[in-house]
Amino acid sequence: MTQLTTCIWYDHTAEEAANFYASVLPGSRVIAVHKTPSDTPSQKAGDVITVDFEVAGQKFIGLNGGPMFPQTEAVSFMLFTEDQEETDRLWNAIVAHGGKGRACGWWKDKR
């Protein structure tokens, strides 16, 4: 069976991002952390290379690819909340951890 999983490129913060999402977003968890078996041009043996995680039940792979492709708002998570209280809780968690609030409920995560 073919399966599609979204890969998100990080500048060596994939594990941090996955752990953060798992701590604040309902239905989110870190599934697995994969480390490089040997040195590569950009990483040392034992460094985290990919992280399998879920955000609100959707699977993702975080790739520690380096600074070549910085994230932009061109790709976003869209979460539907039950009420304003839930929206405020998520907003505050993201802003408290270095993110930035935007107009109309948009957030920019620091990762």
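Buried, here, means under 20% relative accessible area. Keep that cut-off in mind for one residue in particular. This is a predicted model.

Let me take the salt bridges to begin with. The count comes to two. One joins E54 to R29, with the closest N and O atoms 3.4 Å apart. Now the cut-off. E54 has 12% relative accessibility, so E54 counts as buried. R29, its partner, is at 43% and therefore counts as partly exposed.

The other bridge is between R89 and E86, where the closest N and O atoms are 3.3 Å apart. Both residues lie in helix α2, three residues apart, which is about one turn of the helix. R89 is at 36% relative accessibility, so R89 is classed as partly exposed.

On to the core. Which residues have the most contacts inside the largest nonpolar core? They are Y10, Y21, L25, V51, F53 and V55, in a core of 17 residues. The elements giving two or more residues to this core are β1 (6-10), α1 (14-24), β3 (48-55) and α2 (84-96). Of these, α1 gives the most, with six residues.

V55 is worth a look on the screen. Leaving aside neighbours within four places in sequence, V55 is in contact with Y21, L25, G27, S28, F60 and F77. Y21 and L25, like V55 itself, are among the core residues with the most contacts.

To recap β3: this strand gives two or more residues to the core, and it also holds E54, the buried end of the bridge to R29.

Definitions and conventions
Residues numbered from 1 in each chain as written. Predicted model: local features only at pLDDT ≥ 70, side-chain atom pairs only at ≥ 80, totals over all residues. Heavy atoms only, no water. Core = buried A, V, L, I, M, F, W, Y, C linked by side-chain atoms within 4.5 Å. Buried < 20%, exposed > 50% of the residue type's maximum accessible area, 1.4 Å probe, protein only. Helix = DSSP H or I, 4+ residues; strand = E, 2+ residues; numbered from the N terminus. Contact = heavy atoms within 4.5 Å. Salt bridge = Lys/Arg side-chain N within 4 Å of Asp/Glu carboxyl O.
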